[in-house]
Amino acid sequence: MDTTLSVSNSSRFQVSEFILLGLPGIQEWQHWLSLPLALLYLLALGANLLILITIQREPTLHQPMYLLLGILAAVDIGLATTIMPKILAIFWFNAKTISLPECFAQMYAINTFMGMESGIFLCMAVDRYVAICYPLQYPAIVTEAFVIKVTLSMILRNGLLTIPVPVLAAQRHYCSRNEIDHCLCSNLGVTSLACDDITINRFYHLALAWVIAGSDMGLVFASYVLIICSVLRLNSAETTSKALSTCSSHLILILFFYTAIIVVSVTHLAGRKFPFISVLLNVLHSVIPPALNPVVYALRTQELRVGFQRVLRLGEDVSRKQISFK
């Protein structure tokens, strides 16, 4: 009778907060990772803010390609800021507790920003496809209005489709365990603690991944197949090289982004033996792309480099050197 009563009381009990344990199996020295993660976070914030300021201040960068890059920079800031402050608080101050509403809000923000990043990469691929395959029609097709429309469509798509993720997680009953072997509130990491059936959560998580990341990935690579086929038909080697160089930065970043998604997914499925690898890769995938994206574009885009120099008050020196060289 007492056993039945205790089971009944346990099933009615609802935890009020979760505990994020950090990197499973290596909690005793995970604080050593805080310095490189903090540096990556600062790099992501500083570099992406510099991109936003440069694009806003430089009239020559008020073009669809750079406007999309500015939107990507804003998304990167949002993604990194959603995740990194809490992770650093765990590593530095042992602030492992997080309330259920905060956890579900972080879950929603992570999924939304990740979907937005994938969607912006798709928009940038379409921009390069039109620019290379239909150069004469490009100014009429890809305009500022086009950028606004595709951005709003991506916000609506990811904002609406992601809502069921935290809603379904909040409907689960968490009656006993509240310790999450992770640094952040991942969907499956949280719902695995539920005492009731989570089949619908797993199904929607998989469906959302295929609908957003899967469709975006397929369309991006289809765009680049068409771009490569179009470029190979060009007669001039110089024209071919120039056409490929215009989209090389974007290609590098999408290959890294989608390869990282595949690697994280595979390691999550095979992560029972070394679970900290899956968690660490998940964290790195949330902070490395925001830090890497502006660096790659800055290194490979001359117009952006010149804009940086002007914003950082180096433009006059550059102009003087060019004049003296002439």
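Trainee: Why is Cys-175 called buried?

Mentor: Cys-175 has a relative accessible area of 9%, and buried means under 20%, with exposed over 50% and partly exposed in between (1.4 Å probe, protein chains only), so the term buried applies to Cys-175. This is a predicted model, in which local features need pLDDT of at least 70, side-chain atom pairs count only at pLDDT 80 or more, and totals for chains, interfaces and linings use all residues. Residues are numbered from 1 along each chain as its sequence is written, and side-chain values use heavy atoms, with hydrogens and water left out.

Trainee: What makes Cys-195 partly exposed?

Mentor: The relative accessible area of Cys-195 is 39%, a value that falls in between the two limits, and Cys-195 is therefore partly exposed.

Trainee: How do you know that Cys-175 and Cys-195 form a disulfide?

Mentor: Their sulfur atoms are 1.8 Å apart, and a disulfide is a pair of cysteine sulfur atoms within 2.5 Å, so Cys-175 and Cys-195 qualify. The angle about the S-S bond is -105 degrees, and the link is left-handed. This pair joins distant parts of the chain, since Cys-175 sits in the loop between helix H7 (164-171) and E3 while Cys-195 sits in the loop between H8 and H9, 20 residues apart. These element names refer to DSSP runs numbered from the N terminus (helices: H or I, at least four residues; strands: E, at least two), and the protein comes to 14 helices and three strands.

Trainee: What makes Cys-103 and Cys-185 a disulfide, and what parts does the pair tie together?

Mentor: The sulfur atoms of Cys-103 and Cys-185 are 2.1 Å apart, a value inside the limit for a disulfide, and at -125 degrees about the S-S bond this link is left-handed. Because Cys-103 lies in helix H4 and Cys-185 in the loop between E3 and H8, the pair ties together parts that are 82 residues apart in sequence. Both Cys-103 and Cys-185 are buried. The count by this rule is two disulfides.

Trainee: Which pairing results when the bonded cysteines are numbered in sequence order?

Mentor: The pairing is 1-3, 2-4. Cys-133 is in no disulfide, as the nearest cysteine sulfur, that of Cys-229, is 8.8 Å away.

Trainee: Why does Asn-94 count as exposed?

Mentor: Asn-94 has 53% relative accessibility, and so it counts as exposed. Asn-94 belongs to the loop between helix H3 (64-93) and strand E2 (97-99), and its phi is near 60 degrees, a positive value in a residue other than glycine.

Trainee: Why is Leu-304 called buried, and which residues is Leu-304 in contact with?

Mentor: Leu-304 has a relative accessible area of 0%, so the term buried applies; this residue lies in helix H13 (residues 302-311). Contact means heavy atoms within 4.5 Å, and, leaving aside neighbours within four places in sequence, Leu-304 is in contact with Thr-54, Leu-61, Leu-69, Tyr-297 and Ala-298.

Trainee: Why does Ile-51 count as buried?

Mentor: Ile-51 has 0% relative accessibility and therefore counts as buried. It lies in helix H2 (residues 34-57) and touches Leu-69, Ala-73, Pro-294 and Phe-308, not counting residues up to four places away in sequence. For the protein as a whole, buried residues make up 46% of the 326 residues, and among contacts between residues at least 6 apart in sequence, 80% join residues at least 24 apart.

Trainee: What makes a residue part of the lining of the largest pocket, and how many residues line it?

Mentor: A pocket is an open set of points on a 1 Å grid over the protein atoms alone, where a 1.4 Å probe fits, with protein on both sides within 12 Å along at least five of seven lines, and lining residues have an atom within 4 Å of a point. By that rule 43 residues line the largest pocket, and Leu-188, His-205, Ser-265, His-268 and Asn-282 lie nearest its centre. Elements giving two or more residues to this lining are helix H4 (100-133), strand E3 (179-180), helix H8 (187-191), helix H9 (199-232), helix H11 (248-269) and helix H12 (275-300). The largest share, ten residues, comes from H9.
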